[in-house]
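Open the model in your viewer and keep the selection panel ready.

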Amino acid sequence: MKRLAFLSVLILAAATPMTTANATSVHRPTQYVVSNTPGDTPEGIEVTRDGTMYVTSVGTGAVYRGNTRSPKLSLFLPPGSDGRTSATGVHVDRWGRVLVAGASTSKLFLYDAGGRLLDVQHSAEGAFLNDFTIVGDAVYVTDSAHNQVWRAPLTRAGLGKLEPWITRDRIQPKPYFLNGIVTDGRVLLVGEQGQDVTYRIDLRTKQVSVLDVPNGILSGDGYLLEGHRLYAVHNAGGGKYVTRLAILNDDLTAATLVADSTPGAAGATPTTIARDRGRLLWVNSQLDMAPGTPPYTVSVVPGLR
C-alpha cells in the first residue's frame with residue numbers, strides 16, 4: 001500500500017503542471033467579439049504581456065480594449081474622437097502609452113493608459129498611415145498612399161515631429177502598397193502587397209533591398225517578428241488569407257518559408273496578428289466585404305503557433 005500510495009503521489013505531481021497549462025488554455029477563448037457596431041471593420045491588434053488586447057477600427061476610428069481571458073472587448077476610445085475617424089496600427093510603448101495610426105486621417109496619436117490624448121502628430125495631406133514599429137527612441141510608420149516610411153522621435157516626453165524617412169523614389173522595385181512593418185533593432189522589414197515582396201531597410205544606412213525568399217512569396221498586411229521567425233498575414237488570392245511562417249537568416253537578408261496556417265474563414269479577411277502566449281491571434285476585418293457584418297471578431301490563427 002505504501003508503494004502504491006507513493007506512486008500515486010508521483011503521478012499526481014507530474015500531472016499538475018499539465019493540468020494547470022490546460023486550465024490556462026481552456027480559460028482563454030478561441031474567438032473574441034470586438035464590436036457589434038455596423039461599419040466598425042476592425043484592422044489592427046496589439047496584445048501585451050499581461051493579456052491586454054487592443055483592436056482598432058479602420059471604419060470608424062474606434063479603439064477597443066479587453067483581455068485574452070475574456071471573450072468580449074469594450075470601447076476604449078470612441079469613434080471620431082480627437083479627429084480619429086479611422087484607425088489601423090496600434091502598439092503599446094515601454095511607458096505603457098498607446099499609439100494609434102490614424103489611417104486616412106494622416107495622423108499618429110498617443111494616449112495614456114486611461115485613454116487621455118497626450119499628443120498627435122500630422123504627416124502629409126492624403127497620407128494613409130497604416131502600420132508602425134517602435135525602435136529605441138523612434139517610431140517608423142508605413143504610408144500606404146505615398147508608399148514611403150515616416151519617422152517620429154518617441155521618448156518619455158512624448159512624440160516628436162513626423163517626417164519622411166524613406167521616400168518612394170528610394171525604394172526598388174517601386175512600391176504600390178506598403179503595409180506591415182517590423183524590426184529587430186537593426187533593420188526594418190516592410191511588406192509590399194502590390195509587388196508581393198518584403199523590403200529590408202537598414203536602419204543605419206537606409207539601404208533598401210528585397211528579402212530573398214527562394215521557395216515562394218512573402219509579403220504581409222501584418223507582420224510579427226520573433227527572433228528569426230517571421231509571421232506574415234499573406235493574401236493568397238481569391239479571398240484566401242493565411243499566416244505564413246518564414247525562418248530568417250542571421251542578417252535578415254533571406255528567408256525560407258516553412259509553414260502556412262489554415263486559410264481564414266470565407267470573407268473574414270484577416271489583416272494583422274499578435275502573440276498571446278503559445279498561440280497567435282488575427283483580426284477578422286471583413287475588408288473584402290466591407291463594411292462587413294457584425295459581430296466583428298478576433299480569433300486564433302488555425303493550424304499555426
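Strands here are DSSP runs of E with at least two residues, numbered from the N terminus. The model is predicted, so local features need pLDDT of at least 70 and side-chain atom pairs pLDDT 80 or more, while totals for chains, interfaces and linings use all residues. Residues count from 1 along each chain as its sequence is written, and side-chain values use heavy atoms, without hydrogens or water.

**Backbone stops**

Most residues other than glycine have a negative phi, and most peptide bonds are trans.

Select Ser-106, in the loop between β7 (98-101) and β8 (107-111). Its phi is positive, about 65°.

Go to Thr-269, between β22 (255-260) and β23. Phi is again positive, about 50°. Thr-269 is buried at 3% relative accessibility.

Now show Gln-172 and Pro-173: the bond joining them is cis, omega near -10°. Pro-173 sits in the loop between β14 (163-166) and β15.

**Pocket stops**

A pocket is an open set of points on a 1 Å grid over the protein atoms alone, where a 1.4 Å probe fits, with protein on both sides within 12 Å along at least five of seven lines; lining residues have an atom within 4 Å of a point.

Select Glu-46, Val-47, His-91, Val-92 and Leu-224. They lie nearest the centre of the largest pocket, which 39 residues line. Strands giving two or more residues to this lining include β2 (42-47), β6 (90-92) and β19 (223-226).

Finish at the second largest pocket, lined by 16 residues; Phe-177, Asn-179, Gln-193, Asp-221 and Leu-287 are the closest to its centre.

Notes
Helix = DSSP H or I, 4+ residues; strand = E, 2+ residues; numbered from the N terminus. Buried < 20%, exposed > 50% of the residue type's maximum accessible area, 1.4 Å probe, protein only.
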